[in-house]
Amino acid sequence: ASTSIVADADHFSIISYTGNATSGATIGHGLSAAPEMIWIKERDNANGWIVGNGTVGYGNIVRLDTADALTSDSGAFNSTAPSATLITLGSNNGTNRSTGAMICYAFRSVPGVCKIGSYEGNGDADGPYIQTGFKPRWIIIKNIDVARDWTIADTARHPSNVVGEFLY
(Lines give C-alpha, C1' and ligand atoms only; values in the text may rest on other atoms or scores of the structure.)
Protein backbone atom coordinates (compact mmCIF):
# COMPACT_ATOMS: atom_id res chain seq x y z
CA ALA A 1 0.00 0.00 0.00
CA SER A 2 1.21 3.49 -0.83
CA THR A 3 -0.17 7.00 -0.47
CA SER A 4 0.72 9.69 -3.00
CA ILE A 5 0.28 13.43 -3.29
CA VAL A 6 0.63 14.86 -6.79
CA ALA A 7 1.52 18.46 -7.68
CA ASP A 8 -1.15 20.39 -9.60
CA ALA A 9 1.10 20.53 -12.69
CA ASP A 10 1.42 16.70 -12.59
CA HIS A 11 5.24 16.87 -12.72
CA PHE A 12 6.01 15.68 -9.20
CA SER A 13 4.56 13.30 -6.63
CA ILE A 14 5.43 12.35 -3.08
CA ILE A 15 4.75 8.72 -2.18
CA SER A 16 4.76 7.26 1.31
CA TYR A 17 4.92 3.49 1.80
CA THR A 18 6.11 0.73 4.10
CA GLY A 19 8.83 -1.51 2.68
CA ASN A 20 8.38 -5.28 2.46
CA ALA A 21 11.80 -6.46 1.14
CA THR A 22 10.08 -8.24 -1.77
CA SER A 23 11.61 -8.01 -5.25
CA GLY A 24 8.94 -6.94 -7.71
CA ALA A 25 6.81 -5.10 -5.14
CA THR A 26 5.12 -2.01 -6.60
CA ILE A 27 3.92 1.36 -5.38
CA GLY A 28 1.54 3.75 -7.13
CA HIS A 29 3.01 7.12 -8.07
CA GLY A 30 -0.20 8.99 -8.98
CA LEU A 31 1.24 10.78 -12.02
CA SER A 32 -0.51 10.67 -15.40
CA ALA A 33 2.62 9.19 -17.08
CA ALA A 34 5.71 7.28 -16.03
CA PRO A 35 8.21 9.23 -13.91
CA GLU A 36 11.65 9.84 -15.43
CA MET A 37 13.49 10.21 -12.13
CA ILE A 38 12.88 8.72 -8.67
CA TRP A 39 14.41 9.61 -5.29
CA ILE A 40 13.80 7.24 -2.35
CA LYS A 41 14.79 7.54 1.32
CA GLU A 42 13.96 5.47 4.35
CA ARG A 43 12.67 7.88 7.01
CA ASP A 44 13.33 5.73 10.08
CA ASN A 45 16.83 4.43 9.28
CA ALA A 46 20.24 5.82 8.33
CA ASN A 47 20.05 4.47 4.76
CA GLY A 48 20.87 7.23 2.25
CA TRP A 49 18.94 8.57 -0.72
CA ILE A 50 18.70 6.26 -3.75
CA VAL A 51 18.15 7.87 -7.17
CA GLY A 52 16.82 6.01 -10.20
CA ASN A 53 16.68 7.54 -13.67
CA GLY A 54 15.59 6.29 -17.07
CA THR A 55 18.70 7.62 -18.79
CA VAL A 56 21.06 5.35 -16.83
CA GLY A 57 18.56 2.49 -16.53
CA TYR A 58 16.92 1.09 -13.41
CA GLY A 59 19.64 -1.52 -12.93
CA ASN A 60 21.88 1.37 -11.84
CA ILE A 61 21.63 4.03 -9.16
CA VAL A 62 23.27 7.20 -7.99
CA ARG A 63 23.08 8.47 -4.45
CA LEU A 64 21.68 11.90 -3.67
CA ASP A 65 23.54 12.25 -0.36
CA THR A 66 27.05 11.28 -1.55
CA ALA A 67 29.43 12.20 -4.35
CA ASP A 68 29.54 8.58 -5.62
CA ALA A 69 29.53 7.91 -9.36
CA LEU A 70 26.95 5.68 -11.05
CA THR A 71 26.72 2.26 -9.38
CA SER A 72 25.29 -0.99 -10.71
CA ASP A 73 22.44 -2.05 -8.41
CA SER A 74 19.65 -4.29 -9.71
CA GLY A 75 18.24 -4.66 -6.18
CA ALA A 76 16.98 -1.09 -5.86
CA PHE A 77 14.34 -1.04 -8.62
CA ASN A 78 14.39 -4.70 -9.68
CA SER A 79 15.96 -3.48 -12.97
CA THR A 80 12.48 -2.31 -14.00
CA ALA A 81 11.54 1.10 -15.38
CA PRO A 82 8.42 2.71 -13.88
CA SER A 83 5.15 2.30 -15.75
CA ALA A 84 2.42 4.88 -16.28
CA THR A 85 0.97 3.91 -12.88
CA LEU A 86 3.55 1.99 -10.82
CA ILE A 87 7.15 2.06 -9.58
CA THR A 88 8.70 -1.39 -9.19
CA LEU A 89 11.00 -2.01 -6.23
CA GLY A 90 13.65 -4.60 -5.57
CA SER A 91 14.57 -6.04 -2.19
CA ASN A 92 17.32 -3.46 -1.53
CA ASN A 93 17.19 -1.95 1.98
CA GLY A 94 17.59 1.54 0.51
CA THR A 95 14.31 1.32 -1.43
CA ASN A 96 12.32 -1.47 0.21
CA ARG A 97 13.61 -2.52 3.66
CA SER A 98 11.14 -4.73 5.49
CA THR A 99 8.87 -2.55 7.69
CA GLY A 100 10.86 0.57 6.69
CA ALA A 101 8.95 3.85 6.58
CA MET A 102 9.84 4.98 3.06
CA ILE A 103 9.40 8.27 1.19
CA CYS A 104 9.66 8.53 -2.58
CA TYR A 105 9.77 11.60 -4.83
CA ALA A 106 8.87 10.92 -8.47
CA PHE A 107 9.48 13.46 -11.25
CA ARG A 108 8.41 13.66 -14.89
CA SER A 109 8.81 16.26 -17.62
CA VAL A 110 5.88 18.60 -18.24
CA PRO A 111 6.44 21.30 -20.92
CA GLY A 112 6.98 24.72 -19.38
CA VAL A 113 7.09 23.31 -15.84
CA CYS A 114 9.75 20.63 -15.38
CA LYS A 115 12.37 19.01 -17.60
CA ILE A 116 14.18 15.76 -16.74
CA GLY A 117 17.06 14.81 -18.99
CA SER A 118 20.74 14.18 -19.46
CA TYR A 119 23.61 15.51 -21.52
CA GLU A 120 27.24 14.73 -22.21
CA GLY A 121 29.69 17.42 -21.14
CA ASN A 122 32.15 18.77 -23.72
CA GLY A 123 34.94 20.10 -21.47
CA ASP A 124 34.44 23.71 -22.62
CA ALA A 125 34.17 26.49 -20.05
CA ASP A 126 30.66 27.32 -21.32
CA GLY A 127 29.67 23.66 -21.72
CA PRO A 128 27.03 22.44 -24.17
CA TYR A 129 23.75 24.29 -24.68
CA ILE A 130 20.85 22.41 -23.07
CA GLN A 131 17.35 23.24 -24.34
CA THR A 132 14.61 22.93 -21.71
CA GLY A 133 11.85 24.83 -23.51
CA PHE A 134 11.55 27.38 -20.67
CA LYS A 135 13.72 29.37 -18.24
CA PRO A 136 14.34 27.04 -15.29
CA ARG A 137 14.24 28.50 -11.77
CA TRP A 138 16.21 25.57 -10.30
CA ILE A 139 18.61 23.06 -11.86
CA ILE A 140 20.28 20.04 -10.27
CA ILE A 141 23.16 18.29 -12.06
CA LYS A 142 25.12 15.11 -11.29
CA ASN A 143 28.21 13.88 -13.11
CA ILE A 144 27.66 10.11 -13.12
CA ASP A 145 31.04 9.17 -14.60
CA VAL A 146 33.18 10.19 -11.61
CA ALA A 147 32.72 10.80 -7.90
CA ARG A 148 31.54 14.43 -7.71
CA ASP A 149 28.96 16.30 -5.68
CA TRP A 150 25.55 17.16 -7.04
CA THR A 151 25.45 20.79 -8.25
CA ILE A 152 22.45 23.08 -7.86
CA ALA A 153 21.93 26.44 -9.59
CA ASP A 154 18.92 28.68 -9.06
CA THR A 155 17.60 32.07 -10.14
CA ALA A 156 16.62 33.20 -6.63
CA ARG A 157 20.23 33.71 -5.54
CA HIS A 158 21.69 34.45 -8.97
CA PRO A 159 19.07 35.82 -11.42
CA SER A 160 21.40 36.51 -14.36
CA ASN A 161 21.85 34.12 -17.27
CA VAL A 162 25.48 33.44 -16.36
CA VAL A 163 25.21 31.61 -13.05
CA GLY A 164 28.35 31.91 -10.96
CA GLU A 165 27.13 30.61 -7.61
CA PHE A 166 26.25 27.00 -6.92
CA LEU A 167 25.20 24.75 -4.04
CA TYR A 168 26.99 21.41 -3.72
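Two strands count as paired if DSSP finds at least two bridges between them. The views below use that idea for a predicted model.

**View 1**
In general, strands of a sheet pair through backbone hydrogen bonds, either parallel or antiparallel.

**View 2**
How many bridges join β4 and β9? There are six, in the antiparallel sense. Two of the bridge partners can be picked out here. Lys41 has Ile103 as its partner in β9. Met37 has Phe107 as its partner in β9. Turn now to the other neighbour. β4 and β5 are also antiparallel, over four bridges. Here Trp39 stands opposite Val51 in β5.

**View 1. Both faces of β4 are covered.**
Is β4 mostly covered or mostly open? It is mostly covered: six of its six residues are buried. Met37, Trp39 and Lys41 lie on one side. Ile38, Ile40 and Glu42 lie on the other. Residues on both sides are buried. Glu42 has a relative accessible area of 0%. Buried means under 20%, so Glu42 falls well inside that class.

**View 4**
How many salt bridges does a search of the whole structure find? It finds four. One of them links Glu42 and Arg97, with the closest N and O atoms 2.3 Å apart. Glu42 belongs to strand β4 (residues 37-42). Arg97 belongs to the loop between α2 (93-96) and β9 (101-107). The two residues are 55 residues apart, and the pair links distant parts of the chain.

Arg97 also meets the side chain of Asp44 in a salt bridge, at 3.7 Å from N to O. Asp44 lies in the loop between β4 and β5 (50-53). Arg97 lies in the loop between α2 and β9, so this pair ties together parts that are 53 residues apart in sequence. Asp44 is partly exposed, at 44% relative accessibility, whereas Glu42 is buried. Shared partners join Glu42, Asp44 and Arg97 into one network.

**View 2. Arg157 and Asp154 meet in another salt bridge.**
The N to O distance is 2.8 Å. Arg157 is partly exposed, with a relative accessible area of 36%.

**View 3. Asp149 sits in a loop and touches residues from elsewhere in the sequence.**
Its loop runs between β10 (138-141) and β11 (151-154). Asp149 is partly exposed, with a relative accessible area of 45%. What does Asp149 contact, leaving aside neighbours within four places in sequence? The contacts are Ala67, Ile141 and Tyr168. Ala76 gives a distance to compare: Asp149 and Ala76 are 73 residues apart in sequence. In space, their C-alpha atoms are 21 Å apart.

**View 4. Four nonpolar residues make a surface patch.**
Which residues make the patch? They are Tyr119, Ile130, Ile139 and Ile141. The patch covers about 330 Å². Ile139 is in strand β10. Ile139 is partly exposed, with a relative accessible area of 37%. A residue needs over 30% relative accessible area to join a patch, so Ile139 passes that cut-off. Ile141, another patch member, is also one of the contacts of Asp149 in the previous view.

**View 5. Asn78 and Ser79 have positive phi values.**
Most residues other than glycine have a negative phi. Asn78 has a phi near 55 degrees, a positive value. Ser79 also has a positive phi, near 55 degrees. Where is Asn78 placed? Asn78 is in the loop between α1 (74-77) and β8 (86-88). Ser79 is in the loop between α1 and β8 too. Asn78 is partly exposed, with a relative accessible area of 30%. Ser79 is partly exposed as well, at 45% relative accessibility.

How values were computed:
Residues are numbered from 1 along each chain as its sequence is written. This is a predicted model: local features need pLDDT of at least 70, side-chain atom pairs count only at pLDDT 80 or more; totals for chains, interfaces and linings use all residues. Side-chain values use heavy atoms; hydrogens and water are left out. Buried means under 20% relative accessible area, exposed over 50%, partly exposed in between (1.4 Å probe, protein chains only). Contact means heavy atoms within 4.5 Å. Patches are made of residues with over 30% relative accessible area and no salt bridge: like charges are joined within 9 Å, nonpolar side chains (Val, Leu, Ile, Met, Phe, Trp, Tyr) within 5 Å. Accessible areas come from the Shrake-Rupley method with a 1.4 Å probe; for residues, only the protein chains shown count as cover.
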